[in-house]
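Here's a quick tour of one model. Have the sequence and the 3D view open as you read.

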Amino acid sequence: MKRILYILPLALFAAVVAAFFAGLGSDPSKLPSMLIGKPLPEFSLPGVVAGAPGLGSTDLRGRPMLLNVFASWCISCRVEHPLLLQLHAQGVPIDGLDWKDDASAGASYLRENGDPYVKAGNDRSGRIGIDLGVSGVPETFIVDAAGRVRFKQVGPITPDDWKQTIKPLLARLTAGS
Amino acid sequence: MIAEIGQFALVLSFLVALVQAVVPFIGAARRDSALMAVGRAAACLELFFVGLAFAALAAGFMLNDFSIALVAQHSNSTQPLIWRFGATWGSHEGSMLLWVLILAINGAALVTFGSNLRETLQARVLAVQGVIAAAFLGFSLFTSNPFLRLDPAPPDGAELNPLLQDPGLVFHPPILYLGYVGFSVAFAFGIAALIEGYVDAGWARWVRPWVLSSWIFLTVGIAAGSIWAYYTLGWGGWWFWDPVENASLMPWLIGTALLHSSLALERRGALVSWTILLAILTFSLSLVGTFLVRSGVLTSVHAFAVDAARGVYILGIIALATGGALLLFALRAPALKTGALFSPVSRESAITLNNVFLVTLTSVVFGGTFYPVFMDILGGEKISVGPPYYRIWFGAVAVALLLLVSFGPMLNWKRDRITDVAERLKWPLLAFFVAIVMLVAALGLGNLLASFGISLGLFLIAGAAAVLARRFRREHGPIRGLAQLLRTTPLAVWGLALAHAGLGVTAIGITAVSAFQSNVVLAMHPGEGVTLAGSRITLESLEIIRGPNYEANQARFVVDGRRGPRILYSERRFFPVSQTETTLAGIGTGALGNIYISIGDRSATGGTVVRIWDHPFVDWIWAGVFVMALGGTISLADRRLRIGVASPARAALVGVRA
């Protein structure tokens with residue numbers, strides 16, 4: 001009986017390692033979203049900046065665009081932010097979803113670092129994030145003109161990601177619509 | 001030429017590690033002194049070759065040899081020399097080499113200082129170290145060779161990530177690694193004990209200083225990382241629950257448990273197999289901490305290299321090292337002699353409880369860090385957990401642990417009575433309750449939790465003082481009593497008191513800054529000012545300055561507060577080579593709190609966006625951590641003198657002051 005206690009650590013560890021190997025097979029930064037090819041779930045959120053319009057799923061229709069999930073407490077978002085500002089300056093339409101964050105914190109984040117978003121909604125409870133299958137911030141969805149999710153980027157967009165994946169896809173979607 | 005020397009040294013060190021991994025094992029099994037001596041020689045040779053490889057890579061960086069691919073990717077000729085040196089371990093490949101170098105230093109230290117160890121024990125410990133070294137040198141050679149060449153060589157390199165171009169890079173990783181890798185020694189001792197099938201007093205005496213020194217390095221390393229994040233990330237936080245921070249916190253928590261359980265083992269022969277299990281887990285979590293980010297299992301700002309082949313190799317190493325050790329534990333630990341018995345109220349019990357809480361805290365952090373991975377496997381939605389999870393769960397368990405800290409050292413070994421302990425702690429307990437009442441009266445009932453946290457910190461400090469006061473001889477009068485206290489108190493007791501008091505200081509800092517910090521964000525023009533937490537902050541001027549490899553927008557502020565006017569500079573730096581921006585916060589430090597100013601871009605109205613925080617008591621967090629580390633160091637001085645010294649501790653202590 002007592003022997004089982006000594007075997008327990010090994011058994012637990014075996015379970016953890018099995019989970020890690022399974023996790024390895026699905027690199028989180030390449031994990032396809034369950035939403036791919038499907039329309040965005042319906043949502044309507046209050047704006048991040050006080051007085052600014054909110055963000056609803058209908059705002060992401062009519063033209064291909066990006067939906068960037070961010071939060072003021074997220075470090076990787078700060079790494080990604082300068083690139084978003086550049087894209088914004090080039091006229092790439094990006095909407096923002098401020099995830100699990102106080103609107104005031106989100107607003108001062110945008111004031112301080114610059115605001116690259118056409119519209120930004122505040123998802124304080126993280127409820128919409130769950131519908132979108134957000135696993136962490138930042139994440140970016142590419143949504144086509146019909147409001148369907150075409151691609152999901154997990155983690156910050158690097159200049160390479162932009163050049164090699166997102167920009168060509170966006171160009172294809174724009175040409176198609 | 002430099003790269004070839006390095007490459008050659010790396011290959012040789014791999015071969016030497018293989019010898020170190022195999023020969024001493026055979027030698028110990030056959031009790032063949034000649035074979036065991038080979039192990040010692042190999043450990044020294046290992047340090048020579050790994051040191052040579054590391055020196056070659058560092059030379060490549062400092063001499064701007066861009067024909068080495070790694071140098072070209074992570075260094076630039078405009079970088080100042082010190083960052084070119086720091087860049088040696090600023091990449092995945094380089095940090096691997098640093099890791100193995102520290103492992104080799106540990107191995108050589110075991111040979112140098114271990115002459116009084118039992119020969120077979122030393123041989124087996126060295127062999128386990130050899131296995132670990134061979135595994136990681138193999139990893140380095142086959143999947144992440146730092147010496148790969150570029151042909152043709154580029155005229156100049158890309159740049160080291162500007163966030164890393166900071167004194168923090170020079171100190172933080174090596175100190176942290178000294179801690180992580182140092183735990184490999186405790187691990188190796190644990191494996192050797194399981195193979196030998198018994199644990200003797202010499203074993204415990206040897207393990208404790210290694211655990212203690214690794215713990216000190218890890219403590220300082222984590223604090224250095226936290227300070228670095230505080231002033232470079234530019235948004236006033238000191239801990240982010242980032243996966244990699246968590247990965248350094250987990251071995252620290254389990255290592256702290258090990259530190260305490262090894263004390264019970266050394267003094268009382270108690271908790272034998274439990275201590276070995278903790279030694280295995282501490283090093284396993286150190287491996288997770290060092291390598292998890294390279295596996296791709298989790299993403300993080302710290303991630304250097306996400307590569308599937310590397311991930312598989314690393315997970316393979318972790319699985320084999322930990323799995324093998326735990327298998328050995330399952331097979332052999334039941335046969336180990338069980339330790340001395342103790343009653344439910346005793347210092348051993350307090351240490352057990354301490355261990356239970358620390359293991360629970362580790363599980364909370366582990367669960368939070370890997371939640372997305374586990375949920376994914378179970379088919380649930382992939383959701384990561386954020387700071388609120390840690391605030392609730394980590395906070396609750398940590399408070400329970402902190403409440404117990406002062407009781408432990410006041411308990412006698414083996415058996416004690418709860419009423420006696422309460423009597424010994426009556427002054428700290430009184431101080432605790434009076435502090436709560438006074439703070440609630442001063443701050444209001446709304447700040448009940450904050451008042452409780454601060455009082456708890458004071459209780460820890462008072463409890464540490466009580467440990468010393470208990471040794472104070474009243475009958476000698478205040479002067480002679482004090483002299484007596486200084487003369488007869490072992491350094492280890494001073495260390496204990498300092499470490500626990502430091503924890504109290506940290507608890508006060510964390511509570512105060514979490515409860516009472518405030519900030520403003522506004523667009524400012526030169527000449528404008530704002531008042532925050534009793535300080536008047538005025539933006540005096542803005543100018544563009546040039547650094548060696550960046551240009552910066554530098555703002556000059558005058559802060560007029562409690563301690564008279566002073567000037568703070570806050571910068572936003574732009575690095576043209578990598579097209580990135582970093583923030584250098586202007587921080588006015590003070591014992592009662594910091595004023596922290598970071599500047600952003602120009603706002604739409606033409607002003608500069610300025611964010612100002614008041615961080616009351618924030619420096620206490622790190623000050624407390626350094627006091628903890630100091631306590632550990634003082635305790636270590638005591639330990640070291642006792643090792644292998646036949647004379648009583650008292651005589652050794654006199655020697656220290658002489």
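## Confidence

A word on terms: pLDDT is the predictor's confidence in each residue, from 0 to 100, while helices (H or I, at least four residues) and strands (E, at least two) are DSSP runs numbered from the N terminus. For the complex, the predictor reports an ipTM of 0.76 and a pTM of 0.81.

This is a predicted model, where local features need pLDDT of at least 70, side-chain atom pairs count only at pLDDT 80 or more, and totals for chains, interfaces and linings use all residues. Residues are numbered from 1 along each chain as its sequence is written, chains are lettered from A and ligands numbered from 1 in the order written, and side-chain values use heavy atoms, leaving out hydrogens and water.

## Helix α15 of chain B

Here B:P428, B:L429, B:F432, B:A435, B:I436 and B:V440 are buried (under 20% relative accessible area; exposed is over 50%, partly exposed in between, with a 1.4 Å probe and protein chains only). They sit on the same side of α15(B), because their arc around the axis is only 120 degrees, taken from the directions from the helix axis to the C-beta atoms. Their cover includes α13, α14 and α16 of chain B.

Turned away from that buried side are the exposed B:W427, B:V437, B:M438, B:A441 and B:A442. Just after the helix, B:G444 has a positive phi of about 95 degrees.

Terms used: Contact means heavy atoms within 4.5 Å.
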